[in-house]
Amino acid sequence: MARQPAKTLWYDRPRYVYLEFCVEDSTDVKVVIEDHRLVFSCKNADGVEFYNEINLYARVNSKDSREKRSDRSITCFMRKWKEKVAWPRITKENIKPAWLSVDFDNWRDWEGDEEVERAMVEQYAEMLEKVTEKGPPPAMDDLDDD
């Protein structure tokens with residue numbers, strides 16, 4: 001039986017890039033994480049062989065990268081060599097294989113979060129200033145119109 005690529009989801013975080021190979025009831029799982037490449041292979045319960053090879057967009061720290069197998073998938077978390085640098089894609093080549101998709105359930109546009117957070121803090125501080133300029137709260141007597 002011929003090998004086929006496993007459906008693969010990926011998402012980006014400031015320190016890690018995550019890949020999830022969606023193979024239920026996998027056996028004979030092999031994951032090789034190199035600095036610029038990832039090779040994945042396994043079989044499913046029906047004996048179908050899966051094989052994916054990905055030349056990575058940027059360098060990862062292969063010694064600080066891991067994989068975790070569950071009943072439904074194999075997840076790889078690869079430590080970025082350059083942290084806090086967003087990856088626009090997972091592959092070195094600017095192509096998107098049919099078996100590779102962005103994991104929108106876990107995707108977060110984290111790049112520039114610090115600026116957004118700073119703007120929110122400034123906005124909150126301005127709001128507090130406006131609130132405190134309005135004077136003291138009303139006395140309890142003023143609220144009782146019985």
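Mentor: A salt bridge is a side-chain nitrogen of Lys or Arg within 4 Å of a carboxyl oxygen of Asp or Glu. Please keep in mind that the model before us is predicted.

Trainee: With that criterion, how many salt bridges does the structure hold?

Mentor: The general idea is that side chains of opposite charge can pair when their charged atoms come close. In this structure there are eight salt bridges, and we shall return to some of them once the fold is laid out.

Trainee: Which order do the elements of the protein chain follow from the N terminus on?

Mentor: The chain has two helices and eight strands, and the order from the N terminus is β-β-β-β-β-β-β-β-α-α. Among the contacts with a separation of 6 or more, 58% are accounted for by residues 24 or more positions apart. Of the 146 residues, 27% count as buried, while the accessible surface comes to about 10,400 Å², with 49% of it belonging to carbon and sulfur atoms.

Trainee: Which strands pair with β4?

Mentor: Strand β3, residues 27-33, runs antiparallel to β4 and is joined to it by five bridges, and the two form a hairpin with three residues between them. Strand β5, residues 49-55, also pairs with β4 in the antiparallel sense, over seven bridges; in that hairpin, which has five residues between the strands, Gly47 takes a positive phi near 85 degrees.

Trainee: Which residue forms a salt bridge with Lys43?

Mentor: Asp28 does, with the closest N and O atoms 3.8 Å apart. Asp28 lies in strand β3 and Lys43 in strand β4, so the pair ties together parts that are 15 residues apart in sequence. Asp28 is partly exposed, with a relative accessible area of 46%, and Lys43 is partly exposed as well, at 30%.

Trainee: What is the distance between the closest N and O atoms of Glu53 and Arg37?

Mentor: In that salt bridge the closest N and O atoms are 2.7 Å apart. Because Glu53 lies in strand β5 and Arg37 in strand β4, the pair ties together parts that are 16 residues apart in sequence. Relative accessible areas of 37% for Glu53 and 26% for Arg37 leave both residues partly exposed. Elsewhere, salt bridges that share partners join Arg15, Asp64, Arg79 and Glu83 into one network.

Trainee: Where in the chain do Glu83 and Arg15 lie?

Mentor: Their side chains meet in a salt bridge of 3.4 Å, N to O. Glu83 lies in the loop between β7 and β8 and Arg15 in the loop between β1 and β2, so this pair ties together parts that are 68 residues apart in sequence. Glu83 is partly exposed at 31%, as is Arg15 at 44%.

Trainee: Is Lys80 buried or exposed?

Mentor: The reasoning needs one cut-off, namely that buried means under 20% relative accessible area. Lys80, in strand β7 (residues 74-80), has 2% relative accessibility and therefore counts as buried. Its side chain makes a polar contact of 2.6 Å with the side chain of Asp12, and the side chain of Lys80 also reaches the backbone oxygen of Val85 at 2.8 Å.

Definitions and conventions:
Residues numbered from 1 in each chain as written. Predicted model: local features only at pLDDT ≥ 70, side-chain atom pairs only at ≥ 80, totals over all residues. Heavy atoms only, no water. Helix = DSSP H or I, 4+ residues; strand = E, 2+ residues; numbered from the N terminus. Buried < 20%, exposed > 50% of the residue type's maximum accessible area, 1.4 Å probe, protein only. Polar contact = N/O pair within 3.5 Å; in protein donor to acceptor, adjacent residues only side chain to side chain. Contact = heavy atoms within 4.5 Å. Areas by Shrake-Rupley, 256 points an atom, 1.4 Å probe, with all protein chains shown as cover. Pairing = 2+ DSSP bridges.
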